[in-house]
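This report describes a protein chain for a reader who is new to structural analysis. Please consult the sequence and the structure shown below while reading.

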Amino acid sequence: MPAADPTKSPGLSVFFPAYNDSGTIASLVITAIQSASKLTPNYEVIVVNDGSSDSTGQILDELARLYPQVRVVTHTVNRGYGGALRSGFGAASKEIIFYTDGDAQYDPSEMEALWQKMAPGTDLVNGFKISRADPLHRIIIGRIYHHTVKTLFGLHVRDVDCDFRLLRRSIFDTVRLEKNSGVICLEMMKKIQDAGFTIVEVPVHHYHRAHGHSQFFNFPRVFRTAVDVMKLWFALVVRQTHRRPAEASAPTGERTRVL
């Protein structure tokens, strides 16, 4: 059987935002290489090292030396989760982009389930957690946050904050992301929905954190997130700044399916 022609296969960019993820990032990158190579010969794996102070940088340098498909984007100072995502989307060169976090609470091999649903006419395949594998207080806070923002922003997706997504790079010809904090996920899903892109949802597994600890669940961060959410709500719901003429060429209609 002749080898697949990479020039005729849909290109896939896989990227991970990483901040002090030295305990997990190597296994994630290797799993991503193995999984992506089964889907298409035309792929790349990018890691955004967002100012890590542990050995993440050294591990990534070695991975890039060993695997020609791996590229590293380095922030000399931490720019926040939103800043890391924006760098990852900007660095991606392929037609389709997959991303998930560098802390290994999701399994990159499950990108295949999303890939299978990326049919013509589908713009974003959004994962939703089958069951959240977190301590009880995080589950409670997460549910309160989810239901609050879903109501405030009129979102139709089942899981706003499941950072396990496969999307077409062409989305960003229309959608411009601006946030540097964790509310970028809320910003992204609201803008994509309002632009009328087709969204399909697929269940994925969520795992206990094996290394490190969450950067979010402390009172100062929760307070800052609440302030960020309200600023975003004022911009996107009250003023609707993202609906101005610069984005008028976007497709219309809202289509979300759960599979």
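## Two helices in contact

Helix 1 passes helix 2 in a right-handed crossing. A crossing is called right-handed if the near helix is turned clockwise from the far one by less than a right angle, and left-handed if anticlockwise. Helices (H or I, at least four residues) and strands (E, at least two) are DSSP runs, numbered from the N terminus. The axes of helix 1 (residues 25-39) and helix 2 (residues 56-66) come within 10 Å and cross at roughly 25°. Here axes are lines fitted to C-alpha atoms, for helices over the stretch in contact, and angles run from 0 to 180 degrees between N-to-C directions. Helix 1 is therefore roughly parallel to helix 2; angles under 35 degrees count as roughly parallel, over 145 as roughly antiparallel, 65 to 115 as roughly perpendicular and the rest as oblique.

On the side of helix 1, the contact (heavy atoms within 4.5 Å) is made by Ile 25, Ala 26, Val 29 and Ile 30, and on the side of helix 2 by Ile 59, Leu 60 and Leu 63. By class, this contact of helix 1 with helix 2 has seven nonpolar, no polar and no charged residues. Ala, Val, Leu, Ile, Met, Phe, Trp, Tyr, Cys and Pro count as nonpolar, Asp, Glu, Lys and Arg as charged, and the others, Gly among them, as polar.

## The model and the chain

This is a predicted model, in which local features need pLDDT of at least 70 and side-chain atom pairs count only at pLDDT 80 or more, while totals for chains, interfaces and linings use all residues. Residues are numbered from 1 along each chain as its sequence is written, and side-chain values use heavy atoms, with hydrogens and water left out.

The protein chain has seven helices and eight strands. Of its 259 residues, 49% are buried; buried means under 20% relative accessible area, exposed over 50%, and partly exposed in between (1.4 Å probe, protein chains only). Among contacts between residues at least 6 apart in sequence, 82% join residues at least 24 apart.

## Aromatic pairs

A search of the whole structure finds six aromatic pairs. Rings of Phe, Tyr and Trp (its six-membered ring) pair if their centres lie within 6.5 Å; planes under 30 degrees apart count as stacked, over 60 as edge-to-face and the rest as tilted. Phe 89 and Phe 172 form a tilted pair, 4.6 Å centre to centre with 35° between the planes. Phe 89 lies in helix 3 (residues 80-91) and Phe 172 in the loop between strand 6 (164-168) and helix 6 (184-194), so the pair ties together parts that are 83 residues apart in sequence. Phe 89 is buried, at 7% relative accessibility.

The ring centres of Phe 98 and Phe 164 are 4.8 Å apart and their planes lie at 80°, so this pair is edge-to-face. Phe 98 belongs to strand 4 (residues 96-100) and Phe 164 to strand 6, so parts that are 66 residues apart in sequence are tied together. Phe 98 is buried at 0%, and Phe 164 is buried at 1%. Ring pairs also link Phe 15, Phe 89, Tyr 99 and Phe 172 into a cluster.

## Individual residues

Asn 20, in the loop between strand 1 (12-18) and helix 1, has a positive phi of about 55° although it is not a glycine. Asn 20 is partly exposed, at 25% relative accessibility.
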